[in-house]
Amino acid sequence: MANNRVLVVGGGLAGLAATMKLAELGVPVDLLSLTPVKRSHSVCAQGGINSVNDQTRQQGDNEWNHFDDTIYGGDFLQNQPPVKEMAYWAPKVIDLMDRLGVTFNRTPEGFIDRRRFGGTLYKRTAFAGATTGQQLLYALDEQVRRHEVVGLVKKYEFWDFLGPILDDNGRCVGAVAQDMVSMEIRSFAADAVIVATGGCGLVYGRSTMSVFCTGSAASRCFQAGAKYGNGEFIQVHPTAIPGADKLRLMSESARGEGGRVWVPRRPNDTRPPKQIPQSDRYHFLEERFPKYGNLVPRDIATREIFNICVNEGLSVDPNRMCVYLDLTHIPRHELDRKLGGILEIYEKFQGVDPREEPMKIFPAVHYSMGGLWVDYEANADGGLLPGSPRNQSTNIPGLYAIGECDYQYHGANRLGANSLLSCIFSGLFVGPGIVNWMKNNKAAADLPKSIFEGAQSKHQERHKKLLSQASAAGENPYLLHQELGDTMTRAATVVRYNSQLTEAYDRVTQMLERSARCSLADTGNWTNQNVMFTKSVQDMIPIAQCILKGALMRDESRGAHYKPDFCMPSLSATDPVERKKEAEKWCDAFDENTRKFLKSSVCSWNGSEPDLAYEDIDTRLLKPRPRLYGLVGAEVIEEVWKERNKAAEQAGQADGKSAGKKLVGAV
Amino acid sequence: MIAPGPEVSTSTSSSDRRPSKINVRVLRQDGPGTPPYWERHQVEYEPDMNVISVLQKIAAQAKTSEGKKVNPVAWDCGCLEEVCGSCTMVINGRVRQSCSALVDRLLEDNSAEIELQPMTKFPVVRDLMVDRSRLFHSLKRVQAWVPVDGYYDMGAGPRITRDDQEQNYPLSQCMSCGCCLDACPQFNKVEVQRQAGESDEAFEARKKGAYESEFIGAHAISQAMLFNSHPVAKSLEKERLEVLTAPGGVQACGNAQNCVSVCPKQIPLTTSIARAGRAVTFYAFKKFFDR
């Protein structure tokens with residue numbers, strides 16, 4: 001392994017976790033990032049990180065329950081072994097972060113304090129005020145700096161990844177990147193490349209994501225042959241603060257600490273919120289979802305808030321859509337201790353103190369559940385086989401993807417406080433597999449120089465060509481990006497219709513052609529942000545196409561993907577016998593839909609647009625079951641569902657040899 | 001998500017008094033070692049703007065207020081919610097993040113124009129972008145980390161009292177933006193230009209040498225105090241105090257207290273400096289008598 005090197009692209013939680021683990025294993029790492037790694041988008045994560053803990057364990061919780069909540073919350077669209085492994089690692093991840101000095105909030109006795117998050121009934125979430133992502137990122141940044149000092153890690157900050165380098169056998173042996181200050185383009189030989197470049201929120205123009213979350217690095221891998229999975233699953237966070245440049249996140253922890261969402265019962269009620277008596281307040285989440293209340297999973301909360309404003313006309317502001325998120329009943333000192341960071345953000349950007357006045361919030365694009373397709377190798381228990389080079393590997397050998405830019409952990413909808421976990425977990429877990437991968441391959445540094453020079457000159461040509469495009473008649477990249485964002489936001493967020501998706505797909509496809517004709521205002525070769533932005537806009541479009549195509553082809557509703565024309569209805573019969581019959585039919589329809597659509601959508605680039613194929617989901621551990629939040633008749637459906645399962649089990653026991661002869665409901 | 005239909009301002013203050021255009025004066029510089037120059041831009045006023053959205057418009061139009069075609073203004077930004085530290089610059093004479101600089105507030109102070117300059121204590125890369133690598137180098141010098149054995153599962157970390165967490169958490173919110181350094185009268189700009197034919201390594205070494213001869217600043221002192229109060233990171237206490245005792249250490253602080261007043265996170269930097277001062281004095285005595 002003497003001259004082996006790994007290139008890590010992206011220095012958020014996932015990239016830093018992978019870097020420090022590889023350094024611990026003695027592997028030298030080149031760490032490449034658009035920004036000084038301490039400024040990565042992980043700093044924006046607020047609420048916390050989930051794991052089973054000593055307290056919840058004694059209340060009946062365990063790793064399996066965390067796994068089950070994650071799968072159920074994701075509407076069964078994840079391959080189960082990686083999710084299981086993550087849930088079982090979660091307590092160890094938090095212990096490690098604790099040892100690294102993360103300033104987690106403490107109980108009076110000095111233990112790590114926990115709060116409740118959406119989609120679970122247990123207090124699993126460890127937190128550091130309301131800046132948990134920032135605190136976790138800093139701890140990893142510090143460790144990586146430690147390895148940097150001894151020379152195991154070399155950082156390339158303000159560098160943009162332009163694409164992977166493949167050898168003649170299709171193995172990834174490095175990458176081409178560009179220094180965003182000097183504009184130098186060079187190749188990096190690497191025995192493995194790990195892409196940890198986060199989400200693609202900028203495809204929607206404004207979102208809760210940082211400006212570097214363009215998805216262009218993932219797109220560059222995609223266009224080089226890597227597959228992209230479940231692109232259509234984009235989480236729209238229920239609570240954000242609308243803004244002209246960005247939609248700022250208002251963490252789920254505000255609800256986890258007791259925040260209540262409400263609107264006045266009467267439309268256009270002009271009274272100030274504090275003068276509206278309790279009886280005139282409609283706590284619609286609490287009333288509709290008595291079990292989970294304000295902490296229903298995000299996809300559900302988002303649709304409810306959207307519905308209350310758009311269809312029921314109960315927005316609290318006549319000029320824009322929003323609802324109240326109310327913390328004013330919680331003592332000030334407690335708010336400051338647990339939520340200080342996010343309350344300051346609201347105060348700074350809105351000029352209103354949320355400790356005194358309810359906040360006005362509305363949903364915003366927040367997280368990409370989909371991303372680069374990655375492989376895994378399961379062990380006998382249905383978890384992952386540690387050290388397997390297949391874990392987190394894309395379909396291009398030697399090219400790995402971790403963190404938000406892989407598609408692996410969150411299915412159709414991510415649970416709050418699971419993202420930090422998946423980032424750190426996948427970062428730590430990928431290291432040993434890569435070490436094994438490198439043992440069996442010729443070192444990239446020993447390959448012929450021509451491979452690297454060829455890749456490099458291809459990117460130099462693209463760059464030169466762009467710089468020569470300065471005619472006033474060309475497209476303005478900034479305006480093109482705005483148009484892309486508007487198109488995507490209208491067609492592919494909370495509610496989706498095939499007519500709109502088709503239209504948006506055609507428009508976006510035209511934008512791909514138009515983006516080739518972008519004209520630059522700056523044609524210089526020093527810190528030219530204009531040309532770097534243009535490249536990323538060009539590369540956002542294939543990802544937008546994956547999102548739209550995936551959404552168009554998926555004629556069902558699942559998690560964050562909601563099509564009113566294709567969703568499972570509530571029960572309407574009132575007579576108990578009729579209702580039961582209806583529930584039987586409902587379950588049949590559910591099984592049929594599962595057979596048809598419980599599949600990952602996997603896109604491959606054909607040179608001008610994505611080709612879409614479906615791939616079966618690995619449901620070896622948990623049988624898919626309906627998600628019934630808020631559905632009328634849920635209890636009857638659940639009863640029928642349980643009866644069927646019981647019958648299926650008995651049939652299986654009675655007739656062991658020919659099991660599966662008629663397994664009702666089994667998939 | 002953007003709500004369907006046009007967005008209309010909800011701000012309560014007198015929107016009728018607001019201008020239709022905003023004048024912006026930007027101190028530009030094409031690259032290191034080239035002379036800076038002022039340039040005027042004008043952008044359409046919109047409700048709820050911040051300096052980032054002004055700069056986005058300037059980039060899109062790439063034209064001065066006289067209509068002259070120019071290169072878009074370069075600047076650095078990231079999270080746009082004041083937790084990453086990227087977009088720090090000097091706005092109307094005050095060093096701060098441009099994302100949280102709201103246009104309506106700035107216009108209340110001076111309706112004629114908004115003035116944007118790069119940070120003054122760091123070398124300009126281009127326009128409003130500066131090179132803050134010195135600040136990260138200081139974190140290496142004070143070994144701002146917990147020296148754990150490794151990343152295998154070894155169980156939980158040490159028990160931490162709530163009081164200690166509440167003392168440390170504010171220090172740990174430091175986003176290395178550099179405001180405290182830019183406002184500090186003792187913190188001088190260090191700009192090292194690459195010499196012809198100089199190798200990467202030689203240039204880096206020369207830069208480090210230049211940084212280390214100057215005041216380390218409130219940011220790194222505060223981080224040293226944060227790690228000196230951690231039960232495990234404390235094992236490097238002496239090494240950190242050694243750096244803070246050397247020239248450019250804590251004694252270089254002139255007690256102007258600008259750092260604490262410009263810190264966007266209200267980190268008690270002067271408290272950290274006072275703690276560091278006491279620790280360094282004690283350490284120096286102890287070292288003297290232990291000889």
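**The domain contact in chain B**

Author: In chain B, 15 residues of domain 1 are in contact with 15 residues of domain 2, two residues being in contact if their C-beta atoms, placed from the backbone, lie within 7 Å. On the side of domain 1 of chain B that touches domain 2 of chain B, the largest share is three residues, from strand E4 (residues 94-97) of chain B. Strands (E, at least two residues) and helices (H or I, at least four) are DSSP runs numbered from the N terminus.

This is a predicted model, in which local features need pLDDT of at least 70 and side-chain atom pairs count only at pLDDT 80 or more, while totals for chains, interfaces and linings use all residues. Residues are numbered from 1 along each chain as its sequence is written, and chains are lettered from A and ligands numbered from 1 in the order in which they are written.

Domain 1 of chain B covers 18-126, and domain 2 of chain B is made up of 132-149 + 159-289; such bounds come from an automatic or database domain assignment. The C-alpha centres of these two domains of chain B are 30 Å apart.

The confidence values give a context for this contact. The average pLDDT of chain B is 93, and 94% of its residues score at least 70, where pLDDT is the predictor's confidence in each residue, from 0 to 100. Residues 1-15 of chain B have a pLDDT below 50, and this stretch has 27 contacts in the model beyond near neighbours in sequence. Where pLDDT is low, the predicted coordinates should not be read in detail. For the complex, the predictor gives an ipTM of 0.95 and a pTM of 0.95.

Chain B as a whole has 10 helices and seven strands, and its C-alpha trace spans about 70 × 50 × 40 Å along the principal axes. Of its 291 residues, 44% are buried; a residue is buried if 20 or more other C-beta atoms lie within 10 Å of its own, exposed if 12 or fewer, and partly exposed in between, with C-beta atoms placed from the backbone. Among contacts in chain B between residues at least 6 apart in sequence, 69% join residues at least 24 apart.

The partner of chain B is chain A. Between the chains, 69 residues of chain A are in contact with 60 residues of chain B. Helix H5 of chain A gives the most to the side of chain A that touches chain B, with eight residues.

Chain A has its own division into domain 1 (6-233 + 369-450), domain 2 (238-363) and domain 3 (578-598 + 612-654). The C-alpha centres of domain 1 of chain A and domain 3 of chain A are 33 Å apart, and their contact takes 11 residues from domain 1 of chain A and nine residues from domain 3 of chain A. On the domain 1 side of that contact, helix H3 (63-73) and H4 of chain A each supply at least two residues.

Overall, chain A has 17 helices and 21 strands. Its radius of gyration, 25 Å, is close to the 26 Å that the globule rule gives for 667 residues, so chain A is as compact as a globular protein of that length; the radius is taken over C-alpha atoms, and the rule is 2.2 Å times the number of residues to the power 0.38. Buried residues account for 58% of the 667 residues of chain A.

One strand of chain A shows this burial in detail. In strand E2 (residues 29-33) of chain A, five of its five residues are buried. Val29(A), Leu31(A) and Ser33(A) lie buried on one side, and Asp30(A) and Leu32(A) are buried on the other. Strand E1 (residues 6-9) of chain A runs parallel to E2(A) and is joined to it by four bridges; two strands pair if DSSP finds at least two bridges between them. Val6(A) has Val29(A) in E2(A) as its bridge partner.
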